[in-house]
Amino acid sequence: MEDVIVVENLFMDYGSGDVLKGISFKVPKGQIVGYIGPNGAGKSTTIRIFLGMTSGYRGTVKIFGEDIRDKYEYKRRIGYVPEIVELYDSLTPIEYLNFIGSIYGLEENRLNNKIDELLNLFDLYEVRNTRISSFSKGMKQKLAIISSIIHNPDLIFFDEPITGLDANSAMVFKEMMQALKKEGKTIFYSSHIMEVVEKVSDRIILLNDGRIVADGNFYELKEKVVGSSLEDIFNTLTGFTNHSEIASKVVEIINS
Ligand SMILES: Nc1ncnc2c1ncn2[C@@H]1O[C@H](COP(=O)(O)OP(=O)(O)OP(=O)(O)O)[C@@H](O)[C@H]1O
């Protein structure tokens, strides 16, 4: 199976020490990878390097078989939902998606049809001509998801994609990931919602303080660590066992 992402010995230092400390992995075509880790572990940094948005890294990153350093063409085949969604607030969904579609050179009639159908499926058709500035967080998130896939990318990066989505939309999103996988798409997905990662991922990579501390499917991770859920495994492998103590202290302090 073709490797869509190959990472070899990746280091990143923003100026005050390494935040990625030599990570290596390969992602074959059609795999859904859940990329998890505590706040500040380096997940977004990794994704931003893959997207060519963060430079100055050491090591090698190959996407679609090519070293991405100083390359742009591969980005046409990539979709991305960032952790913090920033859309052009003064535009309407129709204007925004037309703008995105034109960047990718999609043919106008086909693009217009796609836009209407996707807005309808994500329950945004009624507000298609309303300015994005008035949208709720979840509505903006749904629009960001549409804009990340409208050009039919082969590799999709989702950084906390379901934050703000209601239960129905989150379910659609999870099903959509499986449907995209069936089409041979590769998905690299970062989230703090362990139940979802556990369910949708073919493989889970756990990053802690810039290093990979676990890499395998959920059942492989379970064999390594005694625990019934991904949350237990996460806590154990990141050395976090004092959640009850911290919670009690917080309440103690506000009571004092
Ligand atoms: N532009 C930047 N300049 C300097 N330091 C940065 C920059 N971006 C990230 N960092 C630092 O790099 C480290 C990793 O951050 P990153 O955002 O990659 O973590 P993360 O795993 O995505 O965290 P979270 O779960 O909170 O989103 C953190 O210590 C962060 O402060």
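In which loop does V226 lie? V226 is placed in the loop between α7 (218-224) and α8 (230-237). The close-up views below are taken from a predicted model, in which local features need pLDDT of at least 70, side-chain atom pairs count only at pLDDT 80 or more, and totals for chains, interfaces and linings use all residues. Residues are numbered from 1 along each chain as its sequence is written, and side-chain values use heavy atoms, with hydrogens and water left out.

**View 1. The loop that holds V226, between α7 and α8.**
Helices (H or I, at least four residues) and strands (E, at least two) are DSSP runs, numbered from the N terminus. V226 has 82% relative accessibility and counts as exposed. The classes used throughout are buried, under 20% relative accessible area, exposed, over 50%, and partly exposed, in between (1.4 Å probe, protein chains only). The C-alpha atoms of V226 and T236 are 8.6 Å apart in space, and the two residues are 10 apart in sequence.

**View 2. A nonpolar surface patch that includes V250.**
F240, I246, V250, V251 and I254 make this patch, which covers about 440 Å². Patches are made of residues with over 30% relative accessible area and no salt bridge; like charges are joined within 9 Å, and nonpolar side chains (Val, Leu, Ile, Met, Phe, Trp, Tyr) within 5 Å. Accessible areas come from the Shrake-Rupley method with a 1.4 Å probe, and for residues only the protein chains shown count as cover. V250 belongs to helix α9 (residues 243-255) and is partly exposed, at 45% relative accessibility.

**View 3. The largest pocket and its lining.**
The volume of this pocket is about 720 Å³. Of the 24 residues that line it, M53, Y80, P82, Y96 and Y104 lie nearest its centre. At least two lining residues come from each of α1 (43-50), β6 (78-81), α2 (93-103) and α4. On a 1 Å grid over the protein atoms alone, a pocket is an open set of points where a 1.4 Å probe fits, with protein on both sides within 12 Å along at least five of seven lines; lining residues have an atom within 4 Å of a point. Grid points are joined across faces, edges and corners, and the volume is the space filled by probe spheres set on the points.

S148 is buried, with a relative accessible area of 2%. Apart from neighbours within four places in sequence, S148 is in contact (heavy atoms within 4.5 Å) with G79, Y80, V81, P153, I156 and F158.

**View 4. The salt bridge between R77 and D154.**
A salt bridge is a side-chain nitrogen of Lys or Arg within 4 Å of a carboxyl oxygen of Asp or Glu, and the count by this rule is 9. The closest N and O atoms of R77 and D154 are 2.8 Å apart. R77 lies in the loop between β5 (66-67) and β6, and D154 in the loop between α4 and β7 (155-159), so the pair ties together parts that are 77 residues apart in sequence. R77 is partly exposed at 37% relative accessible area, and D154 is partly exposed at 28%. A network of salt bridges links R77, D154 and K185.

R203 is buried, with a relative accessible area of 12%, whereas D215 is partly exposed at 33%. K26, in strand β2 (residues 18-28), is partly exposed at 48% relative accessibility. K26 and V6 are 20 residues apart in sequence, with their C-alpha atoms 4.4 Å apart.

**View 5. Positive phi angles at F64 and N152.**
Most residues other than glycine have a negative phi. F64 has a positive phi of about 55 degrees; this residue is in the loop between β4 (58-63) and β5 and is buried, at 17% relative accessibility. N152 has a positive phi near 60 degrees. N152 is in the loop between α4 and β7 and is partly exposed, at 48% relative accessibility.
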